[in-house]
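I'll jot down what I look up as I go.

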Amino acid sequence: MIKLIAIFLVSLFLVSIIFSVISQMIYHLPYGWNIEATNSMYPLLKPGDLVFVFPIMGKLSPGEIIAYKPPFLNYYVVHEIINVTSNGYIVKGINNPTSDPWIVKSSWIKGFVPEIFGQPIIIPYVGNLIGLIRGTTGYIVAMIVIFVIYGISEVYDRNQVVLTVRRRNRRKVADPKTFAIAFIVLSFITFMILFSPHVIFTEIMWNSVPNAPLIPRQFSNNLGAVPPYSTIPITLNVNYHPFLLKIPLIILHSPSLKLQNVSLNLIFLLYTFSPGLHSEVVSIEILPELLPPQILNFLFILNPILPLIAESVEMSIVVGAVVYIIINKLS
């Protein structure tokens, strides 16, 4: 029983690390484990603590710790909500003498720090160690180490089971459930890593100018002059090759763009807003159609990582079921 609990906890922690790497390095969102870098939330959060940030669920209220990033900062701020106004949220680091010098808009908030019995989910001091290996190479090394530990644990457990069974009846009997669970965990991680790189990020700028010509434009960093309060077609070239399955495309973080046509070129309709200079970060997620597009879009509205997780869970369960049936037949 203790061994199963230990395997479950190690597997859960491994999945949380993969979730953190994908959300932060691919989607540029603060989900997962983050290193607390300042004293602003001391003593609740200390510098070097590893803090877990979760996607927003439900309505926020005073007392909750949020992770937000205003457009004029290039990093996330983890502070506590102290008041709610009609224009947004007033937040403050509990160790700071004053609140943050701006009202935090809902669109700035990307996650919150969940609490258990009033205490945030943290791992003390581990952030200092991760800071030493941070970066792509460091993450890869850390993941390899965890995989090796996990693999050694599984191999040791299998050997113990085999030795016990051989002592009893000299037959090698495999546990289908254990194998299936192991394959589900490893398959989930594999599919998350396989699907996650297929995200396109680009920043576009345009200047809504009266009397500008209403003409179709190529998708680039600067669209130039466009007419205000208008909808114009924008074309983006995307290099992808459908393999066996149809590939749907889901637009991320782009409320002013609507997908009109899908082919080797993507055609969007851009609403140009009022006169003045505008900019927006546009992201496009490319996923195999393993779930109906209606479900993928619904999940995406809730959170952009949910379609990725849902498809990875679906595929890993299928792999686990196949492994369970094969092992059960062989044993």
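Which residues in α5 meet α6? I found L296, L299, F300 and L302 in α5 meeting L306, P307, A310 and E311 in α6, where contact means heavy atoms within 4.5 Å.

Before going on, I note that this is a predicted model, where local features need pLDDT of at least 70, side-chain atom pairs count only at pLDDT 80 or more, and totals for chains, interfaces and linings use all residues. Residues are numbered from 1 along each chain as its sequence is written, and side-chain values use heavy atoms, with hydrogens and water left out.

Back to the helix pair. I looked up the axes of α5 (residues 293-302) and α6 (residues 306-330): they come within 7 Å and cross at roughly 130°. That makes α5 oblique to α6 (angles under 35 degrees count as roughly parallel, over 145 as roughly antiparallel, 65 to 115 as roughly perpendicular, the rest as oblique). Their contact residues divide into 7 nonpolar, no polar and 1 charged.

Next, strand β3 (residues 65-68). I see I65 and A67 pointing one way and I66 and Y68 the other, and all are buried (under 20% relative accessible area, with a 1.4 Å probe and protein chains only). β3 pairs with β4 (residues 77-85) in the antiparallel sense over 4 bridges, and with β6 (residues 109-112) in the antiparallel sense over 3 bridges; pairing takes at least two DSSP bridges between strands. For Y68, I noted V77 as the bridge partner in β4 and I109 in β6.

Last, helix α4 (residues 176-195): its buried residues include P176, F188 and F195.

Methods. Axes are lines fitted to C-alpha atoms, for helices over the stretch in contact, and angles run from 0 to 180 degrees between N-to-C directions. Helices (H or I, at least four residues) and strands (E, at least two) are DSSP runs, numbered from the N terminus. Ala, Val, Leu, Ile, Met, Phe, Trp, Tyr, Cys and Pro count as nonpolar, Asp, Glu, Lys and Arg as charged, and the others, Gly among them, as polar. Buried means under 20% relative accessible area, exposed over 50%, partly exposed in between (1.4 Å probe, protein chains only).
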